[in-house]
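Please look over the sequence and the three-dimensional structure shown here before reading on.

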Amino acid sequence: MAKNLLIVESPAKAKTINKYLGKDFQVLASYGHVRDLKPKEGAVDPEHDFAMAYEIIERNEKHVDAIARAAKQADDIYLATDLDREGEAISWHISEILRERGLTEGKQLHRVVFSEITQKAIQAAVAQPRELSLDMVDAQQARRALDYLVGFNLSPVLWRKVQRGLSAGRVQSPALRMIVEREEEIEAFVPREYWSIDADLQHTGGDFKARLTRLYGKRFEQFDLTTEADAMTARSRLAAAAGGQLSVTEVGSKERKRRPAPPFTTSTLQQEAARKLGFSTSRTMRVAQGLYEGVGLGSEGSVGLITYMRTDATALADDAVVELRQLIARDFGREAVPDAVQVYKAKSKNAQEAHEAIRPTSAMRTPRSVAAFLNDDQRKLYELIWKRTVACQMIHATLNTVSVDFALPQTEGGDAAFRATGTTVVTAGFLAVYEEGRDQRSAEDDDEGRRLPRLEVGDRIPLRDILADQHFTEPPPRYSEASLVKALEEYGIGRPSTYASIIQVLLNREYVLLDSRRFKPTDVGRAVGKFLTQHFTRYVDYDFTAHLEDELDAVSRGEEAWVPLMQRFWQPFKQQVDEKTESVDRSEASGARELGTDPKTGKPVSVRLGRFGPYAAIGTKDDEEKPQFASLRPGQSMHTLTLEEALELFKLPRKLGQAENGEEVSVGVGRFGPFVKQGAVYASLKAEDDPYTIELPRALQIVEEKLLAIANRTIKDFGNGVQVLNGRYGPYITDGDKNAKIPKDQEPSELTLEQCQELLAAAPVKKGRGGRATTKKAVAKKAAVKKAAAPKAAAKKAAVKKTATKKTATKKAAVKKAATKTSRSKPAALAGEQD
């Protein structure tokens, strides 16, 4: 048995590290977090210094047991989880589990950290271990407790006031506010018309254009010409004054230097991967994790290709810089190496300078040399990181910008002038390797790469035409993943390790969706965002959230205690939750709007947020007649719906006619979208079908397809609930509770009942609502209850009839009494996100 046990988070990392430490070490993985708060109310106790009740995460129990068995035999235990706050907390949880099991007595526990998985880094870290940082652990515990308390207390308010099943997160809510406010800016935006004027010039060295810079004796501004009439008048006067040519009055040339971008931090890697590779933040982090933990490089075995990918530092290790300068001199010439090392200062307020930026573990492993061992995503991301890192240590680029002015003789109303600009690269420098992407192009970007012909003062250039172009100002763009991450970083919301999870949570909850790779809030997301902004302003305030992050950083540095921080947050927060639970009106909270009056009935028309999404209503619940309801069409929003659009919705259901068998055929919109109904058969419309225009022949075709699918669905039915069916992904077996795959060598129609029952017994438990598989414990418990109940079943059956009335009344009273408690405990699975 190995003398030493070293514990990391992932099996891939364990595999890579194992080869560096020799036979005296056993390397095991925890498979991520090992403990979390119990998923029920009271797991964080504000009355007792925010004591936290943890339990081992069920899916990792076997890994924890393996670590415990190995720890029992080991002399020394090395905790080598990630080097950030979360990694520190995982190490602490492992040490606590081992301590509680009595496995740490007489043994040394060492904490080792490294930012790259190379032999040199691993051996150095093991040779120089440190103690666990309880300050970092406290900071992570405070973060977890805050997220839990916000989730468990704010989510029930959303359930009662907005829509059941909703939840709120401490850092996701300000991010949602950001997206919602941008959408409101876009909707409120009023475009302004303006006109630009360019001179189209002809030259033997190449045709080019010049922009109007002066008009009527003053500098030409964006909104000086706002109508077509004004633009055409100005164009005519300029053309008349020019007389078919423009004279060069001034030629200017200016050199400028552009410095390379710093090496990647987590946020800049996510931004650039989104811009250049089209990667989501979660995809970027998943691929980066694989490159960090190790990739098999043929005879070299598993090798960590990049340094740790959760960092806000821009520093590079001295030996990495030396290697980079050697590579640059070798591949790009000595003139590409600057005299002094390029040093970059991190922008983040809490950047840990002891950490490194994201870089290749060896710059000598060029993208080409490792490409054969990487999948497509790994290759693209590694190349991006390698190029950015190499470029950051190269000389600046030198650019030359030439400006040429053309003055016109006196025009009606004053003098006028045009200017042409072009920029060329004098010395490429780092641009030979890499250029940083931008979210939006500027006029300066348009000039780059444009070469002007050689021009001198006094030259007369033939004027081909004067062009007047109409433009309209545009609203601010919706956030892309890159621009949202940039905004979160600038506001100080979240930290490098949390940006991907913030975005993923918003998408998973369907508070936002991606439309052309930009975030658009859903109606539910807007209702939640507006409700929190209006009633919990402080807790979605950017400055407040950023200040709280700063305080957590102070805890991690040992400058502040975590319990007083929690107390300052908890008391006013709990008071506000209690107050808003009583005072806020549900209709106002969910964003309900009255749109006007229905001309046919004279009743009010409104739009509201219901259990299954937004809907329009004619009338109210207080009317004698039941209100009419209609679902919104795809693409419509309850926040922008007009009265006219709402009234159109009530044209459904439409009667289309009759089928050959005399059954009525109609079309409507229900919970799951538009559908055709023929008798008792319902069939969903296809994406290309519009319920407002679809005709009878097409509707009958859709119903026929549905009936055919139903007829072909059942391959075999044994009459006892066990069936062989055709499914979306091919044939399968089901008994209603479990589904089983059919082996490839088996013919579905030839299966016997016994074979089906065997396959069902071996099949995994069917996932329940929300995609969560029933746990082994729950299955075992259910089986035990069923078994225990069986002998009593007969006796119970006889007694049921006699006591039915009494039991029903008692049950109703108990349900009513428990209702308040249940409504607060249900959001458990939705509350307290891990940052």
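Q342 sits in the loop that runs between α10 (318-332) and α11 (367-370), where helices (H or I, at least four residues) and strands (E, at least two) are DSSP runs numbered from the N terminus. The model is a predicted one, in which local features need pLDDT of at least 70 and side-chain atom pairs count only at pLDDT 80 or more, while totals for chains, interfaces and linings use all residues. Residues are numbered from 1 along each chain as its sequence is written, and side-chain values use heavy atoms, with hydrogens and water left out.

With a relative accessible area of 17%, Q342 is buried, given that buried means under 20% relative accessible area, exposed over 50% and partly exposed in between (1.4 Å probe, protein chains only). Leaving aside neighbours within four places in sequence, Q342 is in contact (heavy atoms within 4.5 Å) with P260, C392, Q393, M394 and I395. For M394, the backbone oxygen lies 2.9 Å from a polar atom of the Q342 side chain.

Across the protein, 46% of the 835 residues count as buried, and there are 24 helices and 31 strands. Of the contacts with a separation of 6 or more, 70% are between residues 24 or more positions apart.

Two packed helices are described by the angle between their axes and the distance between the axes. Here the axes are lines fitted to C-alpha atoms, for helices over the stretch in contact, and angles run from 0 to 180 degrees between N-to-C directions. Helix α5 (residues 134-161) packs with helix α17 (residues 542-556) at an angle of about 150°, the axes being 7 Å apart. That makes α5 roughly antiparallel to α17, since angles under 35 degrees count as roughly parallel, over 145 as roughly antiparallel, 65 to 115 as roughly perpendicular and the rest as oblique. On the α5 side, D135, M136, D138, A139, A142, R143 and L146 meet L548, E549, L552, V555 and S556 of α17.

In a second pair, helix α8 (residues 266-277) and helix α9 (residues 281-293) pack at about 115°, with their axes 9 Å apart, and α8 and α9 are therefore roughly perpendicular to each other. From α8, the residues T266, L269, Q270 and A273 make the contact, together with T281, T284 and M285 from α9.

Technical notes:
A polar contact is a pair of N or O atoms within 3.5 Å; within protein, one must be able to donate a hydrogen and the other to accept it, and residues adjacent in sequence count only if both atoms are side-chain atoms.
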